[in-house]
Each structure stands twice: as structure tokens, then as C-alpha cells.
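Okay, thanks for coming, everyone.

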Amino acid sequence: MRSWRGLTFTLAAMAAVALAATPALVQSQPREVPFTHIETQIITAIDPQAAVDESSLHSAINLYDPLIYPNVEEGSMNPRPHIAESWQISPDGRTYTFKIRRGVKFHSGRELTADDVAWSMDRMLRLKRGFSWVFAPVLDLGATQVVDPYTVRMRLKEAYAPFLGALELFFIMDKNLIMANLRPGPFGEFGDYGASFLERQDAGSGPFRMERWDRATEMVMVRFPDYWRGWKEGKITRVFYKTVTEEATVKTLLIAGQADMVPQWLSAQSFQELKQTPGIVVKEDPTVQLFHLQMNTKKPPLNNVKLRQAISYAFDYDKALQQIFLGGTKARGPVPVRTPGWAPNVPLYSRNLTKARELMAEAGVQPGQVTLEYVWVTALPLERLIGLLLQSNLQEIGIKVEIVGEPWANVVARATKPETTPHITAIFDTLKYPHVDSHTYGMYHPTCWGTFRCMSYYENPEVSRVLEAARRVVDTKEQMRLYQEAQVMIARDAPSIYVANPLHRIAFRNYVKGYRYVGLLGFDVNFWDYTIER
Amino acid sequence: MNFRTYLLRRTLHLVPVLLGLSVLIFVISRVIPGDPVRLALGTEATEEQVRQLREQTGLDRPLVVQYVAYVAGVLRGDFGYSLRTHRNVTKDVLEFFPATLELTTVAMALAVVLGVPLGILAAVRKDRGADHLSRVLALIGVALPRFWLAILLQLAFAYHLRLLPTIGRGPAPPTRITGLYVVDGLLGFDPAAAWISLKHLAMPAFALSVGTLAQVMRLIRAGMIEEMRRDYALAAQSYGLPPNLIIYKYLLKNAFTATLTILGLSYGFLLGNAFLVETVFAWPGLAFYGVDALRFKDFNGVIAVTLVIGAAYAVVNLITDILYGYFDPRIRYE
């Protein structure tokens with residue numbers, strides 16, 4: 001009798017425990033939360049150290065972790081800890097020591113250590129692709145050293161103001177996994193450095209693993225359960241990253257609910273339509289993008305600063321913003337207004353035909369004497385409208401403008417020499433790395449000549465001296481003072497007509513929460529940041 | 001000359017055709033302004049980076065050396081490295097070509113399956129309601145831009161009626177043999193997979209077929225009317241042969257030759273010009289790949305697409321010439 005009672009009690013206790021555990025067991029399997037993101041350009045590479053365009057950056061940001069991260073939570077590009085838990089900078093600004101966060105796992109299961117960081121930096125420098133151009137001027141091969149398993153030190157050739165922010169674009173790769181999968185290639189003992197392996201698999205530690213990649217159509221990413229930042233209810237578990245290039249199709253997919261988010265590259269008119277559609281949110285934020293009309297200062301008659309200033313005073317900025325851009329901020333100098341380090345005292349040009357004519361007279365240019373070539377990129381019809389506006393505005397002061405459309409590849413080719421660079425070229429330019437240096441040194445120091453960013457071929461020895469000094473100064477306040485001084489001088493010389501900091505627009509379904517735009521290309525589309533609340 | 005000799009001779013003719021095509025496109029692609037290496041690396045790339053990639057891809061060598069190396073590679077099945085997708089172009093072609101082949105084949109099948117009966121109907125009911133209607137449909141078919149029709153179909157059948165998928169080819173069937181999803185589904189005894197693929201094909205194939213369908217309709221109509229006037233047609237009617245037998249066994253066969261020419265030409269044309277339809281439906285085809293390669297000056301991609309489509313064109317025309325013999329036994333292979 002006693003044994004029966006004991007057995008019954010035991011069985012009942014077991015049943016009670018099983019019943020209590022069942023909800024927990026069920027809950028430990030996350031609810032599948034799929035997400036479809038539409039992008040209008042194909043992912044060309046999933047090697048984060050070969051990424052140069054937005055869609056490739058999206059894959060890098062979701063499959064990998066960078067050493068530091070923009071402060072997305074505060075809506076800022078300023079660096080905050082990520083894989084690097086903390087860091088110290090030496091007084092001379094040349095040595096950076098990073099403490100690596102413990103317990104970060106790669107998708108292979110292995111822990112991320114300082115060795116992976118050092119190896120990844122050397123890989124980037126050897127590969128000479130992607131964003132290596134930011135680091136190569138100041139960091140040699142082997143200059144990133146392992147101090148201990150969780151400490152890495154980078155010794156720069158000289159102090160470099162943008163260095164810390166640029167590390168937001170430095171992604172850590174699984175050294176052991178890649179080294180175990182090398183194929184013959186041009187990098188000596190490193191073979192192809194994992195190029196073949198990375199065609200089909202990732203070697204990251206990011207919130208998502210790559211499940212499948214059909215080039216030109218779709219990448220499927222699934223959540224990495226052991227991601228070090230953890231997971232909560234409602235976070236996305238599976239991403240369908242689809243490439244659709246036709247704008248009408250993109251809109252149809254979003255409106256029909258077959259897509260959850262569409263990219264920023266739709267036309268302003270499309271976003272206006274989507275704003276009126278129930279269930280869709282169009283988020284608008286000021287960007288760190290500059291739209292400007294670069295004037296070739298090496299090509300007569302635009303080598304005359306007074307003429308350039310006259311043109312700057314003739315342009316109708318308000319009309320451009322209201323009727324062509326349909327919103328946005330008027331550009332104030334070469335640095336986008338939202339960028340830390342922008343100079344509020346930069347000279348501002350506004351439409352003033354009287355002043356324009358006076359400056360033209362001072363330049364010694366008579367009305368009807370001058371014809372200028374304006375080139376716009378044929379993939380961006382908005383630039384043609386700007387050209388028509390410019391043509392009309394300059395006609396009022398007696399300057400003729402010929403409008404020419406060129407494919408982007410031709411614009412890049414023409415930019416390589418001052419003789420082939422047009423008089424005026426319309427360019428959208430976004431911050432390449434999160435520092436004011438990108439839109440100052442990166443656009444107005446002679447070392448950038450020959451690229452689309454420097455089609456003004458601007459040269460001012462004083463500005464160059466100030467920018468070089470700014471890069472080497474360690475004290476942040478002094479650094480920013482120098483960068484602002486440079487901006488004032490540049491704007492005064494009017495190498496560009498600074499038109500707009502366009503609005504960044506993106507559209508998504510209203511159940512998508514957590515989207516934040518920070519300005520740095522691609523970092524607003526980290527799917528781990530979003531939750532779905534239906 | 002017998003058929004085998006004719007076939008061999010026509011196949012050998014392909015060699016100088018493709019060689020000439022490769023020289024032409026090789027030179028043109030390198031003469032057009034723009035630096036593909038700089039585009040591939042990003043415009044901030046340093047001269048050192050550009051130089052390194054040029055060396056790796058052989059773009060720093062003289063043009064003739066590049067061409068000879070390229071042809072030697074093609075003969076080994078290697079179309080070179082893509083600066084756009086960062087992998088061997090052969091892999092790209094093997095991935096993208098079946099999609100275009102499947103789309104174009106289904107489009108042509110639709111053009112024949114719909115165009116021939118409509119053309120016969122128009123001929124048999126000449127100058128009556130059906131004939132007038134077919135004339136209007138044909139005019140609409142040739143006048144309507146394919147991409148616009150594609151967008152309208154998408155809005156109607158995918159968005160409003162929700163009958164068909166909006167974009168893409170759908171999931172690949174578990175069995176991959178040919179790369180043609182419908183065929184692979186059937187070969188893998190997975191009719192459900194084949195059906196899903198057909199549903200994805202329906203709109204893009206129809207949008208692509210419309211122009212050819214209209215042409216087929218009109219040509220069949222014209223051919224049939226001409227044949228119906230012939231003495232043998234009258235004689236067959238006098239003998240009391242069933243009308244359907246006269247139409248399908250005698251008249252259609254004789255009227256089909258001109259249509260066959262158009263079908264052959266259209267097939268090759270659509271293979272290379274399906275770009276707009278592929279774009280609207282995000283169809284991962286060779287035309288879409290080729291235009292992307294062109295925009296970014298991916299030389300090897302451009303040449304590979306040109307050669308593949310050129311070869312396909314030539315093969316289709318060879319098949320067309322062979323089929324002439326079936327429809328008209330008087331034709332001898334010379």
C-alpha cells in the first residue's frame with residue numbers, strides 16, 4: 001500500500017513538473033518572424049572587406065560585427081563600444097589599444113579574440129579592396145598586434161583624426177574558418193584569402209547567418225541564436241533580402257504587403273504616393289549627404305573665383321529644394337549640416353541677381369561671352385531638372401549652359417583629368433566615413449584629384465595646410481576648430497554650388513518598429529534593431 | 001548533300017560567326033570610355049589598388065594578348081573573372097542563362113499555342129467579327145510596350161486579384177538537372193514544384209510573348225487565306241474532306257513556312273531583349289545580367305552574354321532551317 005502511494009505521488013509530481021516545463025519549452029523556440037526587404041541594386045560581394053556599395057554593406061552589417069559601432073540608439077554616427085568594449089588612445093594619437101569583448105561567438109561556434117581582429121585588419125590591407133583606402137595611408141601590415149587574447153593594439157604611422165570613426169567600417173572575420181578554406185590565389189601563403197569560400201558562406205559573428213544567396217535575386221539570412229547582444233520577442237528571425245530594380249514593382253510589393261521595407265532610392269514622387277497609403281510609414285530624416293554642382297576650377301572661365309561666386313548667387317536654391325527635391329535642408333557649405341564638426345559660420349549663398357551681376361563685372365565677364373557644359377548622371381533624372389533650373393537662372397545673368405547627360409561610368413572616367421572634367425557636374429556625395437574629414441580633406445585636398453569627389457580640382461595651399469594639420473591634431477576641440485576654419489575658406493572660394501542636404505526617405509509597413517537613421521551608409525538597415533509588432 | 005553533312009557544315013559555320021562576334025564586342029567594350037576596375041573597387045580606390053586589380057585580371061596587358069588569352073579560356077569553358085559579381089563569369093552564365101531560356105521558350109510556346117488558332121480563326125472567318133477582333137488584338141499586341149504590359153499584368157493579377165506571384169522564379173525545385181524549373185520539377189516527379197514555377201512564369205512569359213503572338217496571328221491568317229485560294233484546297237473541299245482535316249493537315253502546313261521564319265528570328269531576339277520584362281518581374285535572367293554588366297563595364301560579362309546569345313541565335317536558326325524541310329518536303333539541304 002505504502003509503495004503504491006509513493007509511486008502515485010512520484011508520478012503526479014513528474015506530471016506536474018512536465019506541465020510546468022511545457023510552456024517554457026514552447027517559449028524557448030522563438031516565434032518565426034520573417035521580414036522582406038527590397039533593395040534596388042544587387043549585392044555584389046558578401047566579403048565585408050570588399051564591400052563598397054550600400055547593398056554589400058547591408059550584408060556586412062548583418063552577417064558581421066565591426067570593431068566599433070555608430071551610436072544608433074542616440075541617432076548619431078559617433079563611435080560607441082561594440083566588439084571593442086573600451087579603448088585608449090595614446091597622447092600622440094598614434095597608438096590605439098582596444099579591449100575585446102569576451103564571449104562573442106562566430107557563426108562557426110568559436111570565440112572571437114584579438115587574433116581575429118589583427119588578422120582581419122591585415123587581410124583588409126592585403127586585399128586592397130573595400131574601405132582599405134581609409135586605413136592604408138596610416139596603418140602598415142603587421143601594425144595591428146595582439147597584446148593578449150582580448151587586447152589588440154594598432155600603431156599608426158601618424159596621428160589620423162578620422163581613424164576611430166572609420167573603424168565602424170572595419171568588420172571582423174573568422175580567421176580559423178577562412179584559413180581552413182583557402183584556395184590557390186594571388187596572395188601567396190594566403191591563397192585566395194577565402195574569396196571562393198565567401199561566395200557561398202559567411203565567416204562572421206553578426207546577428208544573422210547567411211542561409212542562401214541567389215545572386216541578383218535574393219539573399220536569405222537567419223538569426224544566429226548565440227548572437228552576443230541576445231534576442232527578444234518580436235525580433236526578426238529570417239530576412240528575405242530581395243533585389244528588384246523596377247520602381248513600380250517595388251511600390252506594388254510594399255503596398256500589397258509582400259514586402260516590409262523598401263529602399264531610399266525611390267523617387268520623391270513615389271515616396272509622396274506611399275505617404276498617402278494606409279499601413280505604410282515613410283520616415284524622413286536629414287541626411288549627411290551633399291548634393292552640389294562641382295565647378296571645375298582648372299577650366300576657364302571657372303578658374304575665376306569671382307565668376308564662381310556670381311554663379312553661386314544666381315542659382316535659385318529655394319526652388320530647387322521645394323520643387324525638385326520636395327524637401328530637405330539647404331546646404332551650408334561642403335559639410336552636411338547634420339555632421340558633427342559642421343561650421344555654422346560658413347558663408348551662405350542665396351539667390352541675389354544684383355550681386356551676381358556685380359561679381360560678374362568684377363570678374364571681367366560680359367553677358368553672352370560664356371558657355372558652360374553642365375553634366376548630369378543619366379540614372380538620376382532629378383539632376384537633369386537641376387540642370388534646367390541652372391540653365392534658366394544663369395541665362396538671367398547672360399551665361400549659357402549646355403546640358404549633357406552621361407552614364408555614371410563616363411562621369412567617373414571624365415573626372416580623372418581636369419581637361420576632360422566638365423565645367424559643372426552634378427554630384428550626390430555622402431559621408432564616406434563618419435568624420436567631417438570626409439567632406440573636407442576627402443573633397444578639397446589635392447590628393448583626391450582624379451575622382452568624382454574632386455571634380456572641382458580645388459587647390460588652395462592654405463586650406464591644404466589647415467586640413468593636414470587638422471588630421472594630425474589629437475585634441476578634438478582644436479581638430480574641429482581647424483576643420484571649421486577650412487570649411488569657411490572653401491565655401492568662400494565657391495568651388496561648388498552647394499544646393500542641398502537631401503532628405504533621407506525610407507518606407508516600411510507600420511508594424512516595423514525600431515528603425516533609426518544615423519547617416520552612415522547602410523547602418524540603418526541592421527535587421528537586429530527592428531521588432532515586428534502586429 | 002545529305003542531312004548529316006548539311007548539319008555538320010552549318011555547325012562549322014558557327015565558328016567564324018562567333019569568332020567575328022567576339023572580336024567585335026571585345027574591341028567595342030574596351031574602347032567605350034570608363035574604367036571598370038575603378039568602378040569595381042569604388043571610386044575612392046587608390047592607384048595602387050587599381051593597378052593591383054588590373055594585374056590580377058590581366059587588364060594591363062596589350063589588347064591582342066588579352067583577346068588571345070580570353071579565347072583560350074573560352075575554349076576551356078572559362079569566360080573569365082567578373083568585376084561585378086567577383087567570381088567566374090561561367091558560373092554567372094550557368095546560373096542566369098537557364099532562367100532566360102525557360103522564360104523565352106514558354107513565351108514562344110504561348111505565341112504559337114495562342115497565335116496559330118487565332119490566326120486560323122481569323123482566316124476562316126475572314127472579314128467577319130472574329131477577323132476584325134483579331135486585327136485589333138494584333139495591333140494592340142505589336143504596339144503595346146512589353147514593360148508597360150508587364151506592370152499592368154502585375155497590378156491586375158498579383159496585386160488586385162492575388163492570383164499569381166508578383167516577382168521572381170519562385171523556389172528552385174529540389175532536383176536540379178537542367179536549371180529549367182518546370183522541367184526539373186517534372187523530371188524530379190514533383191508536379192507541385194513544377195506548378196509553382198509555371199505560376200511564376202505566367203505573367204512574364206505572356207508579357208514577353210505578346211508581340212510575337214500578334215505577328216504569328218497575322219502571318220498565319222495571311223498564309224491561310226492564300227492557301228485557301230489554291231486549286232488543291234478547292235479540290236479537297238469538292239472531294240468532301242472534313243474542313244478540319246483540310247485546315248490542319250493541308251493548309252496550315254503549307255502556310256506555316258513564313259511563320260517559322262518569324263519564330264526563329266523572334267526566339268533569338270527575345271533571348272537577348274527580355275531585359276525589360278526581366279526587370280519588372282525581378283526575373284534573374286541573362287539579359288538582366290548583361291545590362292548590369294554593361295552599366296558597370298564588366299567586360300567579361302558583356303562578352304560572355306553576347307557570345308551565349310549569339311550562339312543561341314545561330315542554333316535556333318539552324319533548327320528553323322531544319323524544320324523547313326519538315327513543312328516543305330521539296331526543300332533540299334544544300
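Domain bounds here come from an automatic or database domain assignment. For chain A that gives domain 1 (29–60 + 206–285 + 505–534), domain 2 (65–178) and domain 3 (289–501). Quick caveats: this is a predicted model, where local features need pLDDT of at least 70, side-chain atom pairs count only at pLDDT 80 or more, and totals for chains, interfaces and linings use all residues. Residues are numbered from 1 along each chain as its sequence is written, with chains lettered from A and ligands numbered from 1 in the order in which they are written.

Now, the chain–chain contact, meaning C-beta atoms, placed from the backbone, within 7 Å. Chain B puts in 36 residues and chain A 33. On the chain B side, helix 2 (36–41) and helix 7 (146–160) are among those supplying at least two residues each; helices are DSSP runs of H or I, at least four residues, strands are E runs of at least two, and both are numbered from the N terminus.

Backbone next. Most residues other than glycine have a negative phi, and most peptide bonds are trans. Well, Pro300(A) and Pro301(A) are joined by a cis bond, omega about 5°, and Pro301(A) sits in the loop between strand 15 (289–295) and helix 9 (305–314) of chain A.

Tyr457(A) has a positive phi, about 50°. So is Tyr457(A) buried or exposed? It's buried, because it has 23 C-beta neighbours inside 10 Å; the cut-offs are 20 or more for buried, 12 or fewer for exposed, partly exposed in between, with C-beta atoms placed from the backbone.

How values were computed
Contact = placed C-beta atoms within 7 Å.
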